[in-house]
Amino acid sequence: MTSPLDIGEIAAGTLRLRPLAAGDAEQLRAVTSDPAVTAVIPFLPEPFGLQQAQALLGRQAEGRDLYLGIRADADGIVPGSAAGTLLGVVGVHLHGAAELEIGYWLPGRHHGHGIASTAVPAAARAYARAFPDRRLVAECRPDNAASRRVLARAGFRPAGEPGQRPERDLYVHAPDI
């Protein structure tokens, strides 16, 4: 069954975003089990093992969540990474009938390489086009300056209200402002 959130592969410079499948559970575990990820994303358990990765991927069958793998399309985009390596994740989540949320995570070893700054804007553009009648949102901790910069590059602006998750601010996709 194809998810209603699956809009196909998204090209993002030298990166490609594709839905994760059940066979990606071990790679998902490898990029998500980093405490730099699990400590800041409330719905990810610590420790994050193979069972947790399989359960997260299994949630996609409900059609309200889709996890896109951020992959390099060439060797060496991140030092030591081969083409096809899973570098991180962009999550897309339906909220009610009018809202779509985008979130993302990368393990600490992949921070500082421009991965999020490339992948998140491409995902935001693609989902804004594919779902023009939905408000596109993201959430961010106020103290996470790097993530706020990524969201700004992707066209998200502070909404001036708290997010649904604890200690998060809400951002709304408004790229033309």
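Student: Hi! What volume does the largest pocket have?
Tutor: Hi! This is a predicted model, and its largest pocket has a volume of about 730 Å³.

Student: Which residues are closest to the centre of that pocket?
Tutor: Val40, Tyr104, Trp105, Asn144 and Ser147 are the closest to the centre, out of 36 residues that line the pocket.

Student: And which elements each supply at least two residues of the lining?
Tutor: Those are α2, β4, β5, α4, β6 and α5. The most comes from α5, which gives six residues to the lining of the largest pocket.

Student: Let's stay with α5, then. Which of its residues are buried?
Tutor: Ser147, Val150 and Leu151 are the buried residues of α5. They span an arc of only 95 degrees around the axis, so they sit on the same side of α5. Ser147 also belongs to the residues closest to the pocket centre.

Student: What do the buried residues of α5 pack against?
Tutor: They pack against β5, α4, β6, β7 (156-162) and β8 (169-173).

Student: What follows α5?
Tutor: Gly155 does, and its phi is positive, near 90 degrees.

Student: Which residue other than glycine has a positive phi?
Tutor: Glu167 is one, with phi near 60 degrees. You'll find Glu167 in the loop between β7 and β8.

Student: Is Glu167 buried or exposed?
Tutor: Glu167 is exposed, because its relative accessible area is 67% and the cut-off for exposed is over 50%.

Student: Switching to rings. How many aromatic pairs does a search of the whole structure find?
Tutor: Three aromatic pairs turn up. In one of them, the ring centres of Tyr67 and Trp105 are 6.0 Å apart and the planes make 50 degrees, so the pair is tilted.

Student: Are Tyr67 and Trp105 buried or exposed?
Tutor: Both Tyr67 and Trp105 are buried. Together with Phe43, they form one aromatic cluster.

Student: What about Tyr127 and Phe131, how are their rings set?
Tutor: Their centres are 6.0 Å apart and their planes are at 5 degrees, so this pair is stacked. Tyr127 and Phe131 are both buried too.

Student: Now the largest nonpolar core. Which residues touch the most other members?
Tutor: That core has 35 residues, and Leu17, Leu68, Ile70, Val90, Leu100, Tyr127 and Phe156 touch the most other members. Elements giving two or more residues to the core include β1 (10-12), β2 (15-19), β4 (86-95) and β6 (135-140). With nine residues, α4 gives the most to this core.

Student: Take Val90. What is it in contact with, leaving aside neighbours within four places in sequence?
Tutor: With those neighbours left aside, Val90 is in contact with Leu17, Leu66, Tyr67, Leu68, Ile70, Ile102, Gly103, Tyr104 and Ala123.

Student: Which residue is found in helix α2?
Tutor: Thr38 is one of them. Thr38 counts as buried because its relative accessible area is 8%, and the cut-off is under 20%.

Student: What is Thr38 in contact with, beyond its neighbours within four places in sequence?
Tutor: Those contacts are Thr32, Leu44, Pro45, Glu46 and Phe48. As for Thr38 and Pro107, they are 69 residues apart along the chain, with their C-alpha atoms separated by 9.4 Å.

Student: Last one: is the peptide bond from Glu46 to Pro47 cis or trans?
Tutor: The bond is cis, with omega near 5 degrees. Pro47 lies in the loop between α2 and α3.

Technical notes. Residues numbered from 1 in each chain as written. Predicted model: local features only at pLDDT ≥ 70, side-chain atom pairs only at ≥ 80, totals over all residues. Heavy atoms only, no water. Phe/Tyr/Trp six-rings, centres within 6.5 Å; stacked < 30°, edge-to-face > 60°. Buried < 20%, exposed > 50% of the residue type's maximum accessible area, 1.4 Å probe, protein only. Core = buried A, V, L, I, M, F, W, Y, C linked by side-chain atoms within 4.5 Å. Helix = DSSP H or I, 4+ residues; strand = E, 2+ residues; numbered from the N terminus. Contact = heavy atoms within 4.5 Å. 1 Å grid on protein atoms, 1.4 Å probe; cavity = no way out; pocket = protein on both sides within 12 Å on 5 of 7 lines; lining within 4 Å. Points joined across faces, edges and corners; volume = space filled by probe spheres on them. Arc of directions from axis to C-beta.
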